[in-house]
Amino acid sequence: MTAAGVLDVLAGDRSRPRCEQVSVVVNRELSDRYRLLRFRSAAISERARAGQFVMLGPLGRSAPVLPRPMAIYTRDADAGVVDIVYGVVGYGTRALAEMTEGDLLAVTGPLGRGFVIEEGVERVLLVGRGVGICAMTTVAQDLAPTSVQVTAVLSGRNRESVLGQDVLRDCGADVLNVTDANGSSAVDAVRERLVRRFDDDPPQQILTSGSERLTRLAADLGARWNARTLVSVEAHMACGLGYCHGCAVGNGDGATEAPLVCRDGPVFGLRV
Amino acid sequence: MELGDLELANPVMPASGCFGPELAELTPVDTLGAVVTKTVFAQSRPGNRTHRITEVPGGMLNSVGIPSRGTTVFRDSGLGGYAGLGAPVVISIGGLSAQEYWQVVDELGACEHAAVEVNVSCPNLEHGGATLDTDLDAMTHVVSGVVARSTKPVLVKLSPQLHGMAAAARAAQDAGATAVTVCNSFPAMAVNANSRASELGNGTGGLSGPSVKPLALRLVWTAAQAVDIPVVGCGGIGSADDVAEFLIAGATAVQVGTATFAQPDVMPRIIGELPALTERLGAERIADLIGTLTIRSEDWQ
């Protein structure tokens, strides 16, 4: 249970993770607030399913003590590379920002339960904000060669800071940018726009990440359209596998622990 | 390496709470000297409020609060997945009263395990703010009861009592402990000035990682001089050199905790480096390093 709705742990297996020392291929600015880091890993690029994440951090004695969870933004199995996107917000991401080509990273992944698009689904709606968008771009990668129509509502402070526009367009998605700068990101405005657009022909699945208010909206729209709604959740964590128990999603029921974001998520079913 | 009847193929094992069977997918955990479970309580418990983890310079703070599914679920689920990992299993046990500790031992019964480690020191638990080993009579009562009920070696994991370590280690020895583990994470807190709130949902937590290594080394050295039973060193270990330092200070074996989070394969890599390290340090066997610390002295020329 979160303020945005009830979370259900999804069934299904996970791909087997690996831990590797990998080299940085690219580490550059992506927008005014975010950077893109590309690393080389044949195994992770091949195994990563949509919506999965990695734990990663620089190697070395002065490196941060904990790795950071990062959504897999894109993966290219042919080139054997994985991209992640991060904002420089604290100690760990500052250290990441200082890495240059050839520097070594410790990476564990792919991790967690990702997004599953059900059989027979024809229309999928993605609703994301900020860096949360990066948890959903791999879904569009997977759906690009299929006939599934993807519509993505991408929210950010201004047009330049909205992540994922290019990747999603390249994957054939219909992209709607909404921003704080022009007021179009207000939840009521987004709701009205989506209701107008989809009420006659709604998506069968809604995926969301990056904003509690948009998550609540996605849950509402999911109920309105009877669409299966999934949310990718962020949390502080140390291990990414489940044994540190750092990332419980909520405070439990008094007797048992709440689900763990890393092991049971990061993608959960979402209900009102 | 021997901790009573517990024979270790090498001195490296994980610290409780910093390891899980999940790691078997990533790294050869059967090479470890032993594996140590997360602390098992008699009853199911949810753990602490979130946020449970934050990083500080040189370390991490946790207030996970030891969620547990209870002893019988643990026992009947293949020791929570620890059975069959190919390394001796040390079961960490906890309780909020002496009876609860003893109930865990009774319920574990004859299930396959190599030793128990009595967690008398987790600073996270809402136990009037105190831990069991700040009251040595209470600790002796619990530990002697565990020793009486268990047929296995009993390790006692002590909290980082900066002034009472020698007495705490002696009390554990007198209560029949096979070995003492020195030490658990250090009570600490992190404050966010912007929000004027604690970083952790529990307010305070335990500090671990590289920054506690010098503190833990001193406590291991203190404990090793105070008792005749083996000391298992724990605190900020992340390399083979760190292992050597703890052995030289008096530890017979070591536990690796926080380092595994950043590098899940750190323990097998350390174990692989131990033979070369032993040779470099001029020892025949790694065990020859134990307790060989001398206090530096230089004469003025």
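Where is Leu79(B) placed in chain B? In this predicted model, Leu79(B) sits in the loop between α1 (71-76) and β9 (89-93) of chain B.

## Two residues with positive phi

Leu79(B) is worth a visit with your viewer open. Its phi is positive, about 55°, although Leu79(B) is not a glycine. Most residues other than glycine have a negative phi. Is Leu79(B) buried or exposed? Leu79(B) counts as buried, because it has 21 C-beta neighbours inside 10 Å and the cut-off for buried is 20 or more.

You will find Asn226(A) in the loop between α6 (212-225) and β13 (228-232) of chain A. Asn226(A) has 8 C-beta neighbours inside 10 Å, so it counts as exposed; the cut-off here is 12 or fewer.

## Two cis peptide bonds

Now for the backbone itself. Most peptide bonds are trans. Which bond is cis, with omega near -5°? That is the peptide bond from Gly109(A) to Pro110(A). Pro110(A) belongs to strand β8 of chain A, which covers residues 104-111.

Further along chain A, Gly265(A) and Pro266(A) are also joined by a cis peptide bond, and omega is about 10° there. To locate Pro266(A), look in the loop between α7 (261-264) and β14 (267-271) of chain A.

Terms used: Residues are numbered from 1 along each chain as its sequence is written. Chains are lettered from A and ligands numbered from 1 in the order in which they are written. This is a predicted model: local features need pLDDT of at least 70, side-chain atom pairs count only at pLDDT 80 or more; totals for chains, interfaces and linings use all residues. Helices (H or I, at least four residues) and strands (E, at least two) are DSSP runs, numbered from the N terminus.
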